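Please read it alongside the coordinates.

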Amino acid sequence: GEKPFKCNFCNKDFGHRRSLKVHTYTHTGERPYNCMLCETSFNDPSALASHIKIHTGEKPYQCSVCGTKFLRSSSLKFHMRTHTGERPYTCAECGLKFSLSATLKKHIRTHNPTDERPFPCTICDFRGATKEKLRLHNLNHTKPQKCLVCGLRFTSKKVLTNHMPIHTGEKPFTCDICGAKFARKGDVKKHGIIHTGEQPFECTICQRKFNFSTSLKRHYKVHEK
């Protein structure tokens, strides 16, 4: 089909303006899609939708052979290869075949040992075999606190402690007005706006006001059309 929208960064073409917009975030580094349950943000709404399943525990993709369930369809696809024996990725150097592209990339580095860890950390002596390994390592510096349940990382122990009730189901914070209970103190504050009628977030274009920052972000899309 026709693809009239072109990326100004890499010249890739898209059929829809929205697809181009989401793609552009991969170049700018912008992550406008925020998880309401933790502090993680994403550059793609589908990635956010997939992430939220970590909190809900939903695993909608099930293996028809062994019954194992997965969070993502791609994980199920990779898993199926353990049953079929499919190995679509071949090493051009020695001919060995692999079921995952990541495994092939790791193998290729055995042919080029000097290039095994080409991505150095700017803070310590660590060197990463891939950009993703370096990014994950850098979280030790920027977000040293890791949740042992879901693997998310946080900037401080206080933020991690605030995150844990998502897994335990504990709701220690109560609204003084209606008695509603919440897992995090910040959620009580957000909820309180419903009772006070406060609208602290104002559109800079039309001056319309909103209760929540997320509502304001959604509203701005009206002006983008």
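Tyr25 and Tyr33 are both buried in this predicted model. They form the one aromatic pair that the structure holds. Their ring centres lie 6.2 Å apart and their planes meet at 70°, so the pair is edge-to-face; the angle cut-off for that class is over 60 degrees.

Both tyrosines also belong to the largest nonpolar core, which has 11 residues in all.

Helix 2 covers residues 45–56, and its 12 residues should span 16 Å at 1.5 Å a residue. The end C-alpha atoms are 17 Å apart, which agrees with that expectation. After helix 2 comes Gly57, with a positive phi near 80°.

Positive phi values also occur in residues other than glycine. Asn11 has a phi of about 70° and sits in the loop between strand 1 (5–6) and strand 2 (13–14). Gln207 has a phi near 65° and is placed in the loop between strand 15 (201–202) and strand 16 (209–210).

The chain is divided into four domains: domain 1 (5–56), domain 2 (59–113), domain 3 (119–170) and domain 4 (171–224). The centres of domain 2 and domain 3, taken over C-alpha atoms, are separated by 26 Å. Arg117 lies in the loop between helix 4 (101–108) and strand 9 (119–120). With a relative accessible area of 45%, Arg117 is partly exposed. Arg117 touches Phe126, Arg127, Gly128 and Ala129, not counting residues up to four places away in sequence. Between Arg117 and Thr130 there is a sequence separation of 13 residues, and their C-alpha atoms are 7.1 Å apart.

Phe126 is also touched by His137, whose contacts beyond four places in sequence include Cys121 and Cys124 as well. His137 belongs to helix 5 (residues 131–142) and is buried, since its relative accessible area is 12%, under the 20% limit.

According to UniProt, in an unreviewed entry, the feature "domain: C2H2-type" is at residues 5–32, 33–60, 61–88, 89–116, 145–172, 173–200 and 201–225. Values for two of these spans are given below.

| Residues | End C-alpha distance | Helix | Strand |
|---|---|---|---|
| Residues 5–32 | 21 Å | 43% helix | 14% strand |
| Residues 173–200 | 23 Å | 43% helix | 14% strand |

Technical notes:
Residues are numbered from 1 along each chain as its sequence is written. This is a predicted model: local features need pLDDT of at least 70, side-chain atom pairs count only at pLDDT 80 or more; totals for chains, interfaces and linings use all residues. Side-chain values use heavy atoms; hydrogens and water are left out. Helices (H or I, at least four residues) and strands (E, at least two) are DSSP runs, numbered from the N terminus. Buried means under 20% relative accessible area, exposed over 50%, partly exposed in between (1.4 Å probe, protein chains only). Contact means heavy atoms within 4.5 Å. Domain bounds come from an automatic or database domain assignment. A nonpolar core is a set of buried Ala, Val, Leu, Ile, Met, Phe, Trp, Tyr and Cys residues joined through side-chain atoms within 4.5 Å. UniProt positions are given in the numbering used here, feature names are shortened, and annotations may be inferred rather than shown by experiment. Rings of Phe, Tyr and Trp (its six-membered ring) pair if their centres lie within 6.5 Å; planes under 30 degrees apart count as stacked, over 60 as edge-to-face and the rest as tilted. The expected span of a helix is 1.5 Å times one less than its number of residues.
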